[in-house]
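Here is a friendly note to read with the model open beside you. Take the points in order and look up each residue as you go.

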Amino acid sequence: MPPPKDVVKIAIQMVGAIPQLIELQQTKPLASVLKDVCDAWSLPNPERYALQYADGRQTYITESNRRDIKNGTILRLTTSPDQEAEQLYVGIQSKNVDVKTDSLKKLASLSQDITFAQEFISRNGLKQIYSIVEEGNDTGEMLAHTLKAFTELMEHDFVSWENLSTVFIKKIVSYVNMNAVDASIQQLSLSILENMVPTSRLLFEVVKKEVTLDRLLTHLQVTNAQLQLKAMALLIALLLSATDAERRDMMEYLREKNIRQFIHKNIIHSSEPLGDEMAHYLYVLQSVSLNLCEQRMKMSMDPYSQEQRDLLQSLRQAAFESESEAAAGTFSTERRRSLCAKEFRKLGFLNNSNPAEDLRRAPPGLLALDNMVYFSRNTPNAYSRFILENSSREDKHECPFARSSIQLTLILCEILHIGEPCSETAQAFYPMFFGQDHFFEELFCICIQLVNKTWKEMRATQEDFDKVMQVVREQITRTLSLKPTSLELFKTRVNALNYSEILKLRQTERLHQEETLAVPVLELREKLKPELLELIRQQRLLHLCEGTLFRKISSRRRQDKLWYCRLSPNHKVLHYGDVEEGVQSPPIESLTEKIPVADMKMLLVGKECPHTKEKSSGKQNKDVLELAFSIVHDVEEYCLNFVAPTRYEFCLWTDGLNVLLGKEMTSERTQTDLDVLLSMELKLRLLDLENISIPDNPPPIPKPPSNLNFCYDFSHAEQ
């Protein structure tokens with residue numbers, strides 16, 4: 001008798017028949033199981049049938065996926081994939097419009113299944129789909145089903161995108177470029193082109209040539225949110241596949257067309273909430289745009305470049321032209337050189353005789369020079385005020401403009417992650433980025449004036465330079481964390497966060513730390529920990545019960561497909577299943593797949609997960625590794641794989657799953673939450689001891705009294 005884990009109790013349905021309840025032996029060949037089922041219903045030719053899940057995506061059961069079947073699963077006896085593929089192959093060639101439409105509709109649905117897709121493609125079915133599109137006779141619903149089926153079939157990676165004919169590609173492009181085309185067809189066409197672009201340089205060039213940026217901008221301006229999303233997806237795919245020079249040209253053209261202002265007004269601040277996909281694309285667009293600064297950031301100044309020397313001289317001339325240039329003609333060469341050196345020293349260069357040396361460090365390289373020149377040309381009054389104000393101070397108290405600009409540029413590059421590759425999953429973008437052209441330069445102009453303001457507030461000297469820049473970094477990062485919607489709002493908030501406010505924040509954090517380091521307080525913390533950890537465990541399980549929407553991410557691109565996972569209220573079963581876009585919290589009954597908690601063996605994270613190992617041949621993305629986790633259930637080779645939408649969700653889910661497995665919660669979020677709860681609880685407990693210093697050691701216990709005569713004698717109480 002096989003062990004219990006190799007036997008599952010299931011139900012099998014068939015239209016017009018009484019369901020069968022059977023014990024499926026996993027060691028028994030599937031062909032034999034099908035024969036027994038067909039014999040029970042007196043059906044001949046069992047090879048023409050197959051088993052399929054009755055709910056959800058209705059995947060065909062094969063020898064490779066049969067181990068996923070759980071106790072209580074409902075299957076359906078249906079036509080085998082090869083028979084179905086043959087029928088649909090004939091049906092999509094039918095002259096009868098209704099038969100052809102129904103066949104294409106069913107094909108679009110079944111093509112999601114890898115077994116069916118393999119059978120259909122092996123019959124050269126894609127050639128028929130190419131013909132339907134290339135002939136261009138079918139429109140509307142029929143064409144939409146055809147494009148949907150094509151997308152699903154290509155998703156399985158059995159056929160290379162490079163095999164597509166020029167006629168087919170031009171036809172797809174025409175649907176994008178035409179105005180009088182159904183929105184659903186345009187969405188599917190944009191999605192096909194988005195998939196096509198990253199696969200080869202040739203396809204990228206074809207799409208870039210045929211689908212102009214103007215056309216994509218037109219699609220971005222429609223009210224249809226899905227069409228807008230697909231247009232943005234194709235734009236991002238083109239930008240990511242372009243060379244540096246092409247990307248620079250494309251971004252410059254988009255800047256001329258005011259794409260940032262349009263996005264800021266009509267997408268970020270639209271009445272509809274911003275979806276995760278669009279948030280990711282905006283993050284990528286921001287990242288690509290900021291990374292255009294990388295070339296200048298990594299380029300050291302060339303002292304022999306006349307153009308760069310002219311830029312350097314323009315800084316001096318903008319600050320001191322009125323007082324020195326008029327008299328310069330009467331000075332000797334040596335005197336003029338001495339005057340220039342003095343002026344460069346006033347500008348804050350360390351090497352005033354050869355200021356180009358200060359800009360040899362890369363990063364920030366020439367980007368620092370660009371920022372200084374932009375500041376001097378676009379805000380000349382603020383520039384002159386900065387230079388002249390510091391020229392009149394005592395030498396040791398003057399704020400060095402050039403040195404501060406070079407260090408500030410480096411700080412901004414680090415904060416904004418310039419030069420780093422785009423994440424596959426990140427959604428964190430700054431709304432104010434899209435509200436302003438020349439964002440980086442304008443941000444620099446605000447922050448360099450902040451440096452001068454903070455320098456004065458700190459009454460700093462040259463020895464305090466690093467301290468001032470640390471405070472400025474803190475001011476910038478704290479303000480950016482508030483996600484200001486415009487640069488004006490950023491300017492207001494960062495200036496309000498002056499040095500005294502930073503000191504207060506630091507003092508509060510330091511006092512809190514000192515309070516919590518006293519020995520009696522540490523002992524109290526240890527006593528409170530078990531109770532608070534239990535509270536965190538309950539919160540994690542509640543979060544799992546509420547569930548989370550996850551995205552399926554393939555090695556080729558971000559997916560539109562969504563699935564939802566949640567824990568049952570009794571904490572005994574994990575329910576999961578595919579859901580449609582826009583579904584926020586599906587009822588637990590609609591999630592057809594299940595994993596009993598008792599069958600869960602272990603939790604894998606990061607590089608240990610099978611779905612990250614599968615992608616290891618390509619360029620592995622750091623963010624996906626940080627968000628990936630898997631549940632191993634039944635036997636070790638079967639896993640449910642996740643990629644969390646955010647680091648926060650990753651922490652809550654891995655903690656919750658560890659709780660279900662009876663293990664310790666290990667995420668950084670656990671420690672953060674525990675620290676917050678301990679801090680709150682300690683403050684409540686220590687309220688009565690405010691302003692009283694807590695000794696490190698408890699006071700000594702006094703000796704017992706020599707006699708107890710002071711005790712009251714109740715026997716002599718008055719009657």
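A polar contact is a pair of N or O atoms within 3.5 Å; within protein, one must be able to donate a hydrogen and the other to accept it, and residues adjacent in sequence count only if both atoms are side-chain atoms. Please keep in mind that this is a predicted model, where local features need pLDDT of at least 70, side-chain atom pairs count only at pLDDT 80 or more, and totals for chains, interfaces and linings use all residues. Residues are numbered from 1 along each chain as its sequence is written, and side-chain values use heavy atoms, with hydrogens and water left out.

1. Begin with the domains, whose bounds come from an automatic or database domain assignment. The assignment gives domain 1 (7-79), domain 2 (89-287), domain 3 (306-324 + 331-510) and domain 4 (530-671).

2. Now look at domain 2 and domain 3, whose centres, taken over C-alpha atoms, are 45 Å apart. In contact (heavy atoms within 4.5 Å) are 19 residues of domain 2 and 20 residues of domain 3. The two domains bury about 1700 Å² between them, 58% of it on carbon and sulfur atoms; buried area is the accessible area (1.4 Å probe) that two parts lose on being put together, summed over both. On the domain 2 side, Arg 260, Tyr 283 and Gln 286 lose the most area to domain 3, together 40% of what that side buries.

3. How many residue pairs are in polar contact across the interface of domain 2 and domain 3? The rule finds seven, with both residues at pLDDT 80 or more. The elements giving two or more residues to the side of domain 2 that touches domain 3 are α13 (259-268) and α14 (276-290). Of that side, α14 supplies the largest share, nine residues. Helices here are DSSP runs (H or I, at least four residues), as are strands (E, at least two), numbered from the N terminus.

4. Next, visit the loop between α17 (333-346) and α18, where Pro 363 is placed. A cis peptide bond joins Ala 362 and Pro 363, with omega about -10 degrees. The bond from Pro 363 to Pro 364 is cis as well, with omega near 10 degrees.

5. Finally, His 438 has a positive phi of about 50 degrees although it is not a glycine. His 438 lies in the loop between α20 (401-415) and α21 (439-458).
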